[in-house]
Amino acid sequence: MKKFRILSIDGGGLRGIVPVSILEKVEEFTGKPIWESFDLIAGTSTGGLIACGITLPKAPGVKEAKYDLNYIMNIYKERGKEIFPPRGWLANKLGILSDARNPKYLDKGVHKVFSEVLGDARLNDSLTQIMISSYDLNNNMPLFLKSRSSRKNPGQNILQYHACRATSAAPTYLPAYEFEYPNGKEMPHRLCIDGGVFINNPSLGALSEFSRNAHEYDSEIIKGEDIDYDEVHVLSLGTGTYSGVITASEAKSSGLLFWATRISDIMMRGVNKATDYEMLEMMEEGNYLRLSINIPNEKFSEMDNSSKETINYILDLTKKDVTENTKSLDELKKWLSKAGLMAEPKLV
């Protein structure tokens, strides 16, 4: 029986190293590149960049990925500081007032990195179907940029650069992003911010996309007008959330400066947990797996922290909680096996 497999990747800035690390383990178990294992890859914010990066072909029409996961990982390790330039202690103190009135970072760095990585690739170029989420302020609505739609509507076959900039324009961190995307009666001129403001974990959005448009995915699990959900499998990868708590005195007495530095993580944590609950309720038992990490130390929890110390801390925590954790690995192997993705043992 053919199966339909969805990969969902959360937003979370430079903590994108978490899902990339887990995907390395997935490739180890399956013996093939990620794009070959999944029928639909959905990403929000940094997850959108990963979705595009791992499905980008070497050349138009070539069924081989341009980048491997090691390359994607090095974008975070080596070029994260270009997107989020680190500040010294004094510069950070002086920047607090500026940050209250302007985005914390200019878009010069993210433009350079994204344009060099993605080049002139378009949504239609992806090796498997992708879906990238953003929020359009001009139309005041969620915006899902999908290769399925762009393959039917040439005007929607936008540069992957536009999709990645739109989904990663995190409020307070980076400026909103403008581009053209026609869709029916909606205003085609888009003014977009990070999709994490409403769907940081895009797994439910991806499942809804397939459920509504299953026939366009040409899947063998469709029986007449019905979908055999026993054969739909979703792997949802998080980027980690800070597991500390805000005290009652802080919650009751704090103002704009306190909440501005914390609300994004709280919002994403709530959205992620709500989506996780909904997916567990809706999906067949064993067909949905969520893997992520909890970050106990607030010092290393910021999405824009590009220091080597933080990168190494998050990578070590990912090993401890997921990629070298017996329980997590057993869950992953079980999911891959049920999804028909585990590589056959090699005969010696």
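View 1. Lysine 104 is partly exposed, since its relative accessible area is 25%; buried means under 20%, exposed over 50% and partly exposed in between, with a 1.4 Å probe and protein chains only. This is a predicted model in which local features need pLDDT of at least 70 and side-chain atom pairs count only at pLDDT 80 or more, while totals for chains, interfaces and linings use all residues. Residues are numbered from 1 along each chain as its sequence is written, and side-chain values use heavy atoms, leaving out hydrogens and water. Aspartate 304 forms a salt bridge with lysine 104, with 2.9 Å between the closest N and O atoms; the term requires a side-chain nitrogen of Lys or Arg within 4 Å of a carboxyl oxygen of Asp or Glu. Lysine 104 sits in the loop between H5 and H6 and aspartate 304 in the loop between S12 and H14, so the pair ties together parts that are 200 residues apart in sequence. Helices (H or I, at least four residues) and strands (E, at least two) are DSSP runs, numbered from the N terminus. Aspartate 304 is buried, at a relative accessible area of 5%.

**View 2. Tyrosine 105 in the loop between helix H5 (89–99) and H6.** With a relative accessible area of 7%, tyrosine 105 is buried. Not counting residues up to four places away in sequence, tyrosine 105 touches Ile83, Phe84, Pro85, Tyr173, Leu174, Pro175 and Asp304; contact means heavy atoms within 4.5 Å.

**View 3. The buried side of helix H6 (residues 108–118).** The buried residues of H6 are Gly109, Val110, Val113, Phe114, Val117 and Leu118. They cover an arc of only 125° around the axis, which puts them on the same side of H6; the arc is that of the directions from the helix axis to the C-beta atoms. These buried residues pack against helix H3 (46–55), helix H4 (69–83) and helix H8 (160–167).

**View 4. Two sides of helix H14 (residues 308–323).** Buried in H14 are Thr310, Ile311, Ile314, Leu315, Leu317, Thr318, Val322 and Thr323. Their arc around the axis is only 165°, which puts them on the same side of H14. Lys308 and Lys320 are exposed on the other side of H14. The cover over the buried residues includes helix H1 (17–30), H4, strand S11 (288–291), strand S12 (294–295) and helix H15 (326–338).

**View 5. The stacked pair of phenylalanine 4 and phenylalanine 210.** The structure holds 12 aromatic pairs; rings of Phe, Tyr and Trp (its six-membered ring) pair if their centres lie within 6.5 Å, and planes under 30 degrees apart count as stacked, over 60 as edge-to-face and the rest as tilted. Phenylalanine 4 and phenylalanine 210 are 3.8 Å apart centre to centre, with 15° between the planes. Phenylalanine 4 lies in strand S1 (residues 4–9) and phenylalanine 210 in helix H10 (residues 203–213), so the pair ties together parts that are 206 residues apart in sequence. Both residues are buried. Phe4, Phe210 and Tyr217 form one aromatic cluster.

View 6. Glutamate 331 is partly exposed at 30% relative accessibility, whereas lysine 327 is exposed at 57%.
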